[in-house]
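Have the viewer open as you read along.

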Amino acid sequence: MGMVASMCTEPIKRRRAEKDLDDKVAAALRERARSRQRTFRTVNSITMRLPRFKDGLRDIKDVFDQYDEDSDGTIDNDELRSCLGKLQVQMSDKEADDLHRYCDIDRRGGIQFQEFVVLLCLMYLLFGPDVTRRVSEFESAKLNYVFDELIDAFLFFDKDGDGKMKRKDVTRRMNEASHQERTPSHITAQLFKEMDLNRNGKVNLKEFLYSIIRWAGHETEDEDASNE
């Protein structure tokens, strides 16, 4: 009976932990929106930055390989705790496990490279630039630039500032430029569907980051390299 009760309550605990992290990220986004000017004015200005995002990802790949101690292509719970310790991010084992689960976006049981980028960007948002300085003293300025622009790109779409992008936000932003023709509804619908990974009708920051990283082309690049 006790085992059955534990199996029933575990998903509830996981959802609660995920909501807690969502709330912390949303609060950090609201504070950032109040304290910074908007970087992007149009969707095209974001699209034009994708090559820069891709360049920044190359630097993070070396960091990922460093923390992937057994070189299996994923960062497990123990490796994440080691990573957080080196970044001097203070978390309990439970908090670290919750973070690991939160960033395991594809639910494959480990943090792969794309998810590691999401993790670092979230740490940068929540704990500030000391995180990137500890990641790489020499590349911290470049990482800060990439993460700032990725976060600001999300804020461009997040009209309500609640940390949850909605389909209407994407549609509105895609059609804002008066000199352009309206973007067909099926295109905005497909764009939003690709970002809404858990199909709940809203896109949070981690889903947006994961999608942007994929669109920047790094996933395809890695897959091609592994198939050679």
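**A walk around the model**

Q: Is Asp-72 buried, partly exposed or exposed?
A: This is a predicted model, and every value here is computed from it. Asp-72 sits in the loop between α3 (50–67) and α4. The relative accessibility of Asp-72 is 46%, and exposed would need over 50%. Asp-72 is therefore partly exposed.

Q: How far apart in space are Asp-72 and Gln-112, C-alpha to C-alpha?
A: In sequence, Asp-72 and Gln-112 are 40 residues apart. In space, the distance from C-alpha to C-alpha is 9.5 Å.

Q: How many salt bridges does a search of the whole structure find?
A: A pair counts when a side-chain nitrogen of Lys or Arg is within 4 Å of a carboxyl oxygen of Asp or Glu. Searching the whole structure on that basis gives a total of 18.

Q: About how many helical turns separate Asp-23 and Lys-19?
A: These two form a salt bridge, with their closest N and O atoms 2.9 Å apart. An α-helix has 3.6 residues a turn, so residues three or four places apart point the same way. Asp-23 and Lys-19 both belong to helix α1 (residues 2–35) and are 4 residues apart, so their separation is about one helical turn.

Q: Which residue forms a salt bridge with Arg-36?
A: The closest N and O atoms of this pair are 2.8 Å apart. The bridge links distant parts of the chain, 116 residues apart: Arg-36 is in the loop between α1 and α2 (43–47), while the other residue is in helix α8 (residues 140–157). That residue is Asp-152.

Q: Of Arg-36 and Asp-152, which one is buried?
A: Arg-36 has a relative accessible area of 34%, so it is partly exposed.

Q: Which residues line the largest cavity?
A: The structure holds 1 cavity of 30 Å³ or more, and about 30 Å³ of space lies in the largest cavity. α1 and α8 each give two or more residues to its lining. By class, that lining has 2 nonpolar, 1 polar and 4 charged residues. The lining residues are Arg-32, Ala-33, Arg-36, Gln-37, Arg-38, Asp-152 and Leu-155.

Q: Which element supplies the largest share of the lining of the largest pocket?
A: The largest pocket has a volume of about 390 Å³. Of its 19 lining residues, the closest to the centre are Ala-17, Asp-20, Lys-94, Glu-95 and Asp-98. At least two lining residues come from each of α1, α5 and α6. The largest share, 8 residues, comes from α1.

Q: How many charged residues are in the lining of the largest pocket?
A: Sorting the lining by class gives 7 nonpolar residues and 1 polar residue. The charged residues number 11.

Q: Why are the buried residues of α9 on the same side of the helix?
A: In helix α9 (residues 167–174), the buried residues are Asp-169, Val-170, Arg-173 and Met-174. Because they cover only a limited arc around the axis, they fall on the same side of α9, and that arc is 125°.

Q: Which elements do the buried residues of α9 pack against?
A: The residues in question are Asp-169, Val-170, Arg-173 and Met-174. They pack against α2, α8, β1 (165–166) and α10 (185–195).

Q: What is the phi of Arg-107, about?
A: Most residues other than glycine have a negative phi. Arg-107, in the loop between α5 and α6 (113–127), is exposed at 51% relative accessibility. Although Arg-107 is not a glycine, its phi is positive, at about 60°.

Q: Where is Gln-88 found?
A: Gln-88 is a residue other than glycine with a positive phi, near 60°. Its place is the loop between α4 (77–86) and α5 (93–103).

How values were computed. Residues numbered from 1 in each chain as written. Predicted model: local features only at pLDDT ≥ 70, side-chain atom pairs only at ≥ 80, totals over all residues. Heavy atoms only, no water. Buried < 20%, exposed > 50% of the residue type's maximum accessible area, 1.4 Å probe, protein only. Arc of directions from axis to C-beta. Contact = heavy atoms within 4.5 Å. 1 Å grid on protein atoms, 1.4 Å probe; cavity = no way out; pocket = protein on both sides within 12 Å on 5 of 7 lines; lining within 4 Å. Points joined across faces, edges and corners; volume = space filled by probe spheres on them. Nonpolar A, V, L, I, M, F, W, Y, C, P; charged D, E, K, R; others polar.
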